[in-house]
Each structure stands twice: as C-alpha cells, then as structure tokens.
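Please look over the sequence and the model shown here before reading on. The paragraphs that follow take each chain in turn and then turn to the contact between them.

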Amino acid sequence: MTAHAIVLPVLVPALAACLMLFAGERRRGMQRALGLAACLALAVLAAALVVRSASGAVTAYFLGDWAAPFGIALVLDRLAALMLALTALVAAVALAAATTGRDPLDARGRYFHPLFQFQLMGLNGAFLTGDLFNLFVFFEVLLIASYCLLAHGQGAARLKAAVHFVVINLAASGLFLIGVALLYAVTGTLNMADLALRVPAAAPADAALVRAGALLLLVVFAVKAAAFPLYLWLPGAYSAAAAPVAALFAIMTKVGVYSVVRVHGVIFGPGAGEFALVAMPWLAAAAIATTVAGAVGALGAASLTRMTAYLTIASVGTLLIAVSLASPAGLGAALYYLVHSTLAVAALFLLAAEIGTRRGAAGDRLQSGAAIPRPVGLGIALVVAAASIVGLPPFPGFVGKLMILGASWGLAATPWLWAVILGTGLLALLALARAGSVLFWQPGETGAAPGAATRSALAAPWALLACGIALAAFAAPVKRFADDAARQIADTPSYATRVLGDAPGSTARPLRPGGPR
Amino acid sequence: MELLVASALGLVTACGVYLMLRGRTFSVVLGLSLIGYAVNFFIFVMGRLAVGVPPLVADGAAGYADPLPQALVLTAIVIGFGTTGYVLELALRTRDETGSDHVDGEEPPQ
C-alpha cells in the first residue's frame, strides 16, 4: 500500500471527481462533503509524503510497472512533496471559502466541485511526474479545469477574460509540444532523468536543436508563470475570477516556476555539459523585468484585486530571480519564498473579495465609497497580508527576501538584484498603503447600503495568514527542508540512478532502437 | 520528401499564426486548429521520416518507424480536440453575452 502512496495524489481527486459526477449536480451537500473529504485526504497524503521524502530518498513509481525510461515514472523527491503539501493546503482553504458565505461560489453554476478536483489532479500530477510528455498532459488537465473554473459563475467580464486566458494557453501548449518533440528527436527519450543523461551527450550537429528545445520550453513555462513579457494575460484573468478560484490560481503560476526548476534545473542543470544553464541568462533578465513590471502595475492598479494580481506577478519575478542564480542557496531561498508568496497572495485575493462585498456598490475599486462595517478584524488581516507580501519583519516575506538577498550576495549583478528586490518592495508597500488608506479611511457620502459583514468570511484568509506566520516562526526547519530539496535537485546523477535503476548505463542504449538514424 | 514536409509545416504554421492574430474569435479558433495540426504533424515527423517500414517488431523488417511519436500524436490530437471544442463553445457564449465576436468582447473603435 505504502508503495502506491505516490500515485494516490493523482488518483484521489480523479476518483472524487467521478463520484461527484455520479452523485449529480442536485446533491450539492454530497458533492461538498466529497470535495472536503478529498482535500483532507490529500492533505494527509501530502504530509505523509513530505515525511517520507524528508529522509532524502528519491522514490520512483512506475505506472503499470513499465520500467523507466520506457514507461511513465512518477518521482517523489523533496521538491515534489513540498509542492504537493502547498497545493493541498491552498486547495483546502479555497474550497472552504467557495462553499461558505451567504452566496457560495459553488452554488452559482454547475460542476464546480468536479472541476476543482480535476484541477487538483492536474496540479498534483504535474508535480509528481518524471516524464516530459506526461508533464504536458497534466498541464492540459489542470488548464482545462482552470478554463472552466475561471468562467465559473459567468458574466461578460469573466467570459472575456476566459477567452484571452484560453487562447494564450493553447498557443503555449503548441510551443510546449514543439519543444518536447525537438528534444525527443535529438535524444530519443522523454524521461527527465534519461534526458538529463542524454542531453550532454548530444551530437554537436544537434546542439542548435537542443538549445531551441530548451528555450522553447522556457517560453512555455514563462507563459504559465506569467514572466515578462508574457504576463499580460494574468491581471485580467485573475481579477475576473471569483476569489476562491483566484486563491487556488495562486498556485498555478507556481507550476510554471516549478517546471523551470525541474526541467532547467535537472535536464539543463549545471551538469548538462555544453547546455549547462542554457536558459539562465534569459531567465535572469526576464525575472528582473517581471518584478519591476509587477510592482509598477500594482502601483497603477485601480482595484485591490487587480493590485493583488500584479503583486502575484512581482512575487513570481522575485522567485525567478532566486531561481536564476542557479545555486543551491538561491534555489533553497526560492522554495521558501514560493511557499510564503503563494499563501500571502491567496489570502490577499480572499480579503479583497471580502472588502468588495462589505463596501457594497463601490466594490474593491480604489475610490471612496461606503464605510466598511466592522472594519477592525478585516483591517488587521489586510495589514498582516500586505506586510507579508511587501516583506516587513517579522512576517515570512521578510525572511524569504532576506534569504534571496543573502543568496545573491557576492555576484557581479548583486547591486542590480538588491536594488530591484528592495526597490520593488518599496513600490509594493506604497501601492498597498494607498489601497488600505483609500478603502478604509476615505468613506464617501455616495455609498449605497453597504453589504452585510459575515464573520465566517474571514476564517479562510486568516487560516492562510496563520500558516504564513507559522512559516516565519518555524523558518529554520522549513528552510532546512528547502535547502535539502535544492541540493537534491542539483544532484542529478543520483536522481537519474534512482529513477532509471541499475539498468545498464542509459547512454549505452542505441539512440533509437532498431531504426535508421 | 524532407523539403516537402518542412515547407508544408511552415506554411500551415504561418497561416495558423496569421489567423490567430486576427481580431475575431472564429479566425482565432481556426488559427489555433491549424497550429494544432502543424504541431501534431511536427511531433510525428520527429520520429524521422520512414516509408514502408513497420512500427512494431516484425520478421525480416529492413528497419522500423519510431512508434512513440505516433502514440504521442494520438494523445495530442485528443487533447487538441477537447480544447478546440471548449474554446468554440466559449467563443459562442461570449458572443451571446457581449454581442460581439471580437476577442476583446467589444467592437474596436472605428
């Protein structure tokens, strides 16, 4: 049973979604119970897998018992376990937020719960898979679910945003396939561990193809992660989505970052010979531009939700800066910051929606409107979330940024990186301070009857914020885990050995069995 | 054959990109479909061009065609079919809701 635990994070949501479809849309209570039970099961599973991976072992699971590199392998290492745990946490809170309140999101359209579970299935699969084409398939699974979730609840604005989101992601999927096909054409394999061994051995005549494949994949992941200049779809999509969906989407940009770490860290990592770190110069430049664009966008945003979307972009940029350092220290800092920024951004999306509800007609637009009823609890939550995102002590954003600053010390580019990270922090601080003062301290006369305040609406964002505070309080063990995960990623040879087993040296296999080359 | 295949791929992709950059959702969907065809064909070709050879083990075969890209293409076709269906439905629904088939949901200023 425990051997099969690795595949369960994919199977549990798939099974739950199918059961929900059988239960039918009318029995919403049963769907909710199934959804929450599945999220709970995923959380328990993720915790168990984190404990298992903490021992340092890379565990491979072969679907259908087809040995790698011929079959599809799922691979559990510390990075995958960390991402699974983060997904389970954010999903549980987002689902709780979507099913509670006076006008619960899941009652505003059909099939919310099955789509939510399929989204989780895609996310978990993307984090676990050790096969490049399978990564594409799980990307599609999570994207198809996200297309529907984004449009859930409907309305013209949401549909317009969905059209843009779907079209750009379909274009990116085409590029993904071209990149994968190029790499397969040169190496004859799709298994990531096998690719890591074969890419450095590529013939010099094929070098340009490998390079093109690697950079095409970088473009694809940059679209998913919303990196400059491919971030323009994100503010529209995330600000149009319902708050619980936007909170769940906070993890979707992280899938792009994760894929960069996995593909460009393992396959094109430091040990890839001629192709070592082929993407990193591009990534570094894009990361800096992303951070600046996100912060400037936040400063100019007209509503708190849109500002949160731009802050998501800025946090992705900061993350990518740390990833592009291509050192275990940088990657460890990036993973810590990734956990923090996902939690903080998700909380801020939920808070923005609650502020919008309470202000009634003015919504979360940054203009004076009706005074917010019972503002104290909401205000404190907003301050905590904002301070966390900006990176003020003692919140985890501060700890994370400190780690990134420390990891980027002593490089030629250090002054640039520090200036960007600290400067954009200041811009984000200005933007959020302005938003808070307009929303809370400038009640106008124009406001219609303000929306009623429900106390329970603050439970979900506080749960995320509490996790964030715990992340700061227990920064040392989390950072140790993140650093170990980063070192594990850098150790490509042992990863390859664990996945490919003791089969005779993979490179000894003919490039394409039997076929003329 | 290489020249023919490569130029066909290039032509279809170019048409797809052109259509995808148009302003109306129907052209965009057509463009995405064309790009999808080109990509699927590209994957297939990445298993090398081979004529008259079996993809599976056979006695006395002179060579083999690579079966893996053929399997990958099947998956990609299925996924592409599903997403095209969804984007069509989404485009129709958006036209109903906004009264415009422009990708931005509103007619551009004249």
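The secondary structure of chain A comes to 20 helices and 2 strands, where helices (H or I, at least four residues) and strands (E, at least two) are DSSP runs numbered from the N terminus. This is a predicted model, in which local features need pLDDT of at least 70 and side-chain atom pairs count only at pLDDT 80 or more, while totals for chains, interfaces and linings use all residues. Residues are numbered from 1 along each chain as its sequence is written, and chains are lettered from A and ligands numbered from 1 in the order in which they are written.

The C-alpha trace of chain A spans about 80 × 60 × 40 Å along its principal axes. For its 517 residues a compact globule would have a radius of gyration near 24 Å, and the 22 Å of chain A agrees with that; the radius is taken over C-alpha atoms, and the globule rule is 2.2 Å times the number of residues to the power 0.38. Buried residues make up 60% of the 517 residues in chain A, a residue being buried if 20 or more other C-beta atoms lie within 10 Å of its own, exposed if 12 or fewer, and partly exposed in between, with C-beta atoms placed from the backbone. Among contacts in chain A between residues at least 6 apart in sequence, 79% join residues at least 24 apart, and two residues are in contact if their C-beta atoms, placed from the backbone, lie within 7 Å.

One helix pair in chain A can be followed in detail. The axes of α1 (residues 8-23) and α4 (residues 112-128) of chain A come within 8 Å and cross at roughly 165°; such axes are lines fitted to C-alpha atoms, for helices over the stretch in contact, and angles run from 0 to 180 degrees between N-to-C directions. That angle makes α1(A) roughly antiparallel to α4(A), since angles under 35 degrees count as roughly parallel, over 145 as roughly antiparallel, 65 to 115 as roughly perpendicular and the rest as oblique. On the α1(A) side the residues that meet α4(A) include A:Pro9, A:Pro13, A:Ala17 and A:Leu21, and on the α4(A) side they include A:Phe118, A:Met121 and A:Leu128. The residues of this contact of α1(A) with α4(A) divide into 13 nonpolar, 4 polar and no charged, where Ala, Val, Leu, Ile, Met, Phe, Trp, Tyr, Cys and Pro count as nonpolar, Asp, Glu, Lys and Arg as charged, and the others, Gly among them, as polar.

Beyond α4 of chain A, the loop between α4 and α5 holds A:Gly130, which counts as buried because it has 31 C-beta neighbours inside 10 Å. The C-alpha atoms of A:Gly130 and A:Leu195, which are 65 residues apart along the chain, are separated by 10 Å. Leaving aside neighbours within four places in sequence, A:Gly269 is in contact with A:Ala276, A:Ala490 and A:Thr492.

Helix α9 (residues 233-240) of chain A is mostly covered, with 6 of its 8 residues buried. Those buried residues of α9(A) are A:Leu234, A:Pro235, A:Ala237, A:Tyr238, A:Ser239 and A:Ala240, and they pack against α5 (132-151), α6 (156-187), α10 (243-249), α12 and α13 (304-324) of chain A.

Chain B has 3 helices and 0 strands, and its C-alpha trace spans about 65 × 25 × 15 Å along the principal axes. A compact globule of 110 residues would have a radius of gyration near 13 Å, but chain B has 19 Å. Of the 110 residues of chain B, 29% count as buried, and residues 24 or more positions apart account for 47% of the contacts in chain B with a separation of 6 or more.

Within chain B, α2(B) and α3(B) pack at an angle of about 175°, with their axes 10 Å apart, and the two helices are therefore roughly antiparallel to each other. Among the residues of α2(B) that meet α3(B) are B:Phe26, B:Val29, B:Gly36 and B:Ile43, while those of α3(B) include B:Leu72, B:Ala76, B:Gly80 and B:Val87. The residues of the contact of α2(B) with α3(B) divide into 14 nonpolar, 8 polar and no charged.

Finally, there is the contact between the chains, which takes 31 residues from chain B and 25 residues from chain A. On the side of chain B that touches chain A, α2 (25-45) and α3 (67-98) of chain B each supply at least two residues, and α3(B) gives the most, with 14 residues. The residues of that side of chain B divide into 17 nonpolar, 9 polar and 5 charged.
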